[in-house]
Amino acid sequence: MTTDKTKEPTASTSNVDVLMAIRHRRSIRRYTPEPIDNATLTTILQAGLCAPTAMNRRPFHFVVIKDKDTLATLSAGKKYAWMLSHAQAAIVICGDNTVEDRPEHLYADCFAATQNMLLAIHGLHLGGVWLGVSQGSEWSALLQETLRLPANIIPTAVISLGHPSEEKPIPSTWEPEKIHYEAW
Ligand SMILES: Cc1cc2nc3c(=O)[nH]c(=O)nc-3n(C[C@H](O)[C@H](O)[C@H](O)COP(=O)(O)O)c2cc1C
């Protein structure tokens, strides 16, 4: 997949209110065969690049995958990544540990970008799911090798996405016992 990366994308809009997106987003693992166009992917990537980062170091890199063989390879490498085999795209969220050498901040920065992109995906009426990449795992090594990541580029999360072919109810998430005012 090649796209012109040099142009700053024009601002995109969504008719989904931000608080509604946060409340209604669910992990979507089943997709229709309809492809995702590159302009839509760019909008999602731009949302990731808008995430806050510690000291504004912006250590993240995103690897976009649409190639079916690559998606199949990554799907086969982890039990809970089965949905990649029929996803229309995946985004691998990586962090450069030469830009951010504090692992807790590297992961925090990458995860902020991951959640931004999941919300953008929901706002665009697409569906996505966050796939965890454990440090030192076989899947991490597979990502590193398959995507030819340099040694300083750490895969931290993968988003599987497509046009949704499942709908999920909005669960009750209000847990008052987890809210503490002023002190514990
Ligand atoms: C760090 C992290 C790792 C996750 N890894 C996986 C995964 O490997 N496979 C998967 O299907 N879902 C994965 N999920 C999605 C969770 O299962 C999902 O967010 C959770 O069940 C709540 O459902 P919801 O997203 O629909 O609210 C992961 C989520 C997070 C935050």
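Start by selecting Val-64 and Ile-91: Val-64 stands opposite Ile-91 in strand E2. Strands here (E, at least two residues) and helices (H or I, at least four) are DSSP runs, numbered from the N terminus. Before you click on, remember that this is a predicted model: local features need pLDDT of at least 70, side-chain atom pairs count only at pLDDT 80 or more, and totals for chains, interfaces and linings use all residues. Residues are numbered from 1 along each chain as its sequence is written.

**The sheet**

Next, pick Phe-62, whose bridge partner in E2 is Ile-93. Six bridges join E1 to E2, and the two run antiparallel; strands count as paired if DSSP finds at least two bridges between them. Now show E4 as well. E2 and E4 pair in the antiparallel sense too, over eight bridges, and Val-92 has Val-158 as its bridge partner in E4.

Bring up all four strands. They form an open sheet in the order E1-E2-E4-E3, with antiparallel pairing. Which strands stand at the edges? E1 and E3 do, each with a single partner strand, so one side of each is left without a neighbour in the sheet. Neighbouring strands are turned by 25° against each other on average, direction ignored; the axes behind such angles are lines fitted to C-alpha atoms, for helices over the stretch in contact, and angles run from 0 to 180 degrees between N-to-C directions.

**The core**

Colour E2 by burial: seven of its eight residues are buried. The scheme counts other C-beta atoms (placed from the backbone) within 10 Å of a residue's own: 20 or more is buried, 12 or fewer is exposed, and in between is partly exposed.

Then select Ala-90 and Met-117. These are the residues with the most contacts inside the largest nonpolar core, which has 40 residues. A core of this kind is a set of buried Ala, Val, Leu, Ile, Met, Phe, Trp, Tyr and Cys residues joined through C-beta atoms within 7 Å. The elements giving two or more residues to this core are helix H2 (38-49), strand E1 (60-65), H3, E2, H4, E3 and E4. H4 gives the most, with seven residues.

Stay on Met-117 and show what surrounds it. Leaving aside neighbours within four places in sequence, Met-117 is in contact with Ile-44, Ala-47, Gly-48, Ile-91 and Ile-159. Contact here puts the two C-beta atoms, placed from the backbone, within 7 Å.

**The ligand**

Show the ligand and select Arg-26, Ser-27, Arg-29, Tyr-80, Ala-81, Val-129, Trp-130, Leu-131 and Gly-132, the residues around it. Being near the molecule means having a C-beta atom, placed from the backbone, within 6 Å of it. This shell divides into five nonpolar, two polar and two charged residues. The classes are Ala, Val, Leu, Ile, Met, Phe, Trp, Tyr, Cys and Pro as nonpolar, Asp, Glu, Lys and Arg as charged, and the others, Gly among them, as polar.

Zoom in on Gly-132, which sits in strand E3. Gly-132 counts as partly exposed because it has 13 C-beta neighbours inside 10 Å.

**The loops**

Go to the loop between H3 and E2 and select Met-83. Is Met-83 buried or exposed? Met-83 counts as buried because it has 22 C-beta neighbours inside 10 Å. Beyond its neighbours within four places in sequence, Met-83 is in contact with Arg-29, Val-129 and Ser-160.

Lys-79 lies in the loop between helix H3 (68-76) and strand E2 (89-96). Lys-79 is exposed, with 8 other C-beta atoms within 10 Å.

Two last stops are for the backbone torsions. His-125, in the loop between helix H4 (103-123) and strand E3 (127-132), has phi near 65°, a positive value in a residue other than glycine. His-125 is exposed, with 11 other C-beta atoms within 10 Å. Arg-148, found in the loop between helix H5 (138-146) and strand E4 (153-162), has a positive phi as well, near 55°. With 8 C-beta neighbours inside 10 Å, Arg-148 counts as exposed.
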